[in-house]
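Here is a friendly note to read with the model open beside you. Take the points one at a time and find each place on screen as you go.

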Amino acid sequence: MTATLAHGQVTGQYGDVFTFLSGSPCLDLTTTLQVRHQNSPRELLAAPADVTRWLEQAGLGAGIAVDTEGLRRTIALREVVNRLCRGTGRAGDRAALNAAAASPPLIPQWTGDTVEFRGDLQQALSTLARDAITLLANRKTGRIRECDHPDCSRLFLDSSRSGRRRWCGMSSCGTKAKSADYRRRNSDRARRTGDHLRAE
């Protein structure tokens, strides 16, 4: 199975269409369970075909066969990666991550213009597990952030120079947060002006 790696793309927090913003494939995988901090998180990997679709859109292989057990394994790896990257790992999580990474990874093919990956689900999961290991081992965990927007639980890799990035993406959560802050400031200003006029 082959697919072209979509450079610069990393999975969407809202809607049925996968978009990629996290800065790392393994972090993108964690965002397939949306709004984790709410009472009713939204599962985007509800069926085996969803995993096939996500892998293709992530550039990790087109038409990879996934059955019910494959869906379970993908979600299990996702949750291991999520806990480890948030610093809330459980006993056995590191061993599970290492076990997933022990299988051969996807095979990259250079076409002259881009990179294509070939392999099956086990190889795709190994590739994602290896990405997580690299992220965790390279001391980049201090750069893993959760989006500050109250309706978003996305993890992302902060690659900004200052290391103070707050939102998963300015075009989505950043703009929404700034707009809400602007409305709140205007409302507070109007209220203070009204209080002042009434006091006079």
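1. A term to start with: two strands pair if DSSP finds at least two bridges between them. Helices (H or I, at least four residues) and strands (E, at least two) are DSSP runs, numbered from the N terminus. With that in hand, look at strand 3 (residues 107-110) and strand 4 (residues 115-118), which pair in the antiparallel sense over four bridges. Ile107 has Arg118 of strand 4 as its bridge partner, and Gln109 stands opposite Glu116 in strand 4. Four residues sit between the two strands of this hairpin, where Gly112 takes a positive phi near 105°.

2. Some background on what you are viewing. This is a predicted model, in which local features need pLDDT of at least 70 and side-chain atom pairs count only at pLDDT 80 or more, while totals for chains, interfaces and linings use all residues. Residues are numbered from 1 along each chain as its sequence is written, and side-chain values use heavy atoms, with hydrogens and water left out.

3. Now the overall plan. The chain has six helices and six strands, and reading along the sequence gives the pattern α-β-β-α-α-α-β-β-α-β-β-α. How much of the chain counts as buried? Of its 200 residues, 42% do; buried means under 20% relative accessible area, exposed over 50%, and partly exposed in between (1.4 Å probe, protein chains only).

4. Please turn to helix 2 (residues 48-57). Asp50, Val51, Thr52, Trp54 and Leu55 are buried in this helix. Which helices do the buried residues of helix 2 pack against? They pack against helix 1 (25-30), helix 3 and helix 5, where contact means heavy atoms within 4.5 Å.

5. After helix 2 comes Gly59, with a positive phi near 80°. Gly59 lies in the loop between helix 2 and helix 3, and it counts as buried because its relative accessibility is 0%.

6. Val35 deserves a look for its backbone. Most residues other than glycine have a negative phi. Val35, a residue other than glycine, has a positive phi near 40°. You will find Val35 in the loop between strand 1 (33-34) and strand 2 (42-43). Is Val35 buried or exposed? Val35 is buried, since its relative accessible area is 11%.

7. Setting aside residues up to four places away in sequence, Glu79 touches Leu33 and Arg36.

8. Next, Ser126 in helix 5 (residues 121-137). Ser126 counts as buried because its relative accessibility is 0%. Its side chain reaches the backbone oxygen of Ser103 at 2.5 Å, which can be set beside the cut-off for a polar contact: a pair of N or O atoms within 3.5 Å; within protein, one must be able to donate a hydrogen and the other to accept it, and residues adjacent in sequence count only if both atoms are side-chain atoms. Beyond its neighbours within four places in sequence, Ser126 is in contact with Ala100, Ala101, Ser103, Pro104 and Pro105.

9. Leu97 belongs to helix 4. Leu97 counts as buried because its relative accessibility is 3%. Not counting residues up to four places away in sequence, Leu97 touches Leu77, Val80, Val81, Leu84, Ala129, Ala132, Ile133 and Leu136. Leu97 and Ser126 are 29 residues apart in sequence and 8.8 Å apart in space, C-alpha to C-alpha.

10. Last, a pocket. About 180 Å³ of space lies in the second largest pocket. Its lining includes Arg73, Leu97, Ser103 and Gln122, and helix 3 (68-86), helix 4 (93-101) and helix 5 each supply at least two residues of that lining.

Note on methods:
On a 1 Å grid over the protein atoms alone, a cavity is a set of points where a 1.4 Å probe fits but cannot get out, and a pocket is an open set with protein on both sides within 12 Å along at least five of seven lines; lining residues have an atom within 4 Å of a point. Grid points are joined across faces, edges and corners, and a volume is the space filled by probe spheres set on the points.
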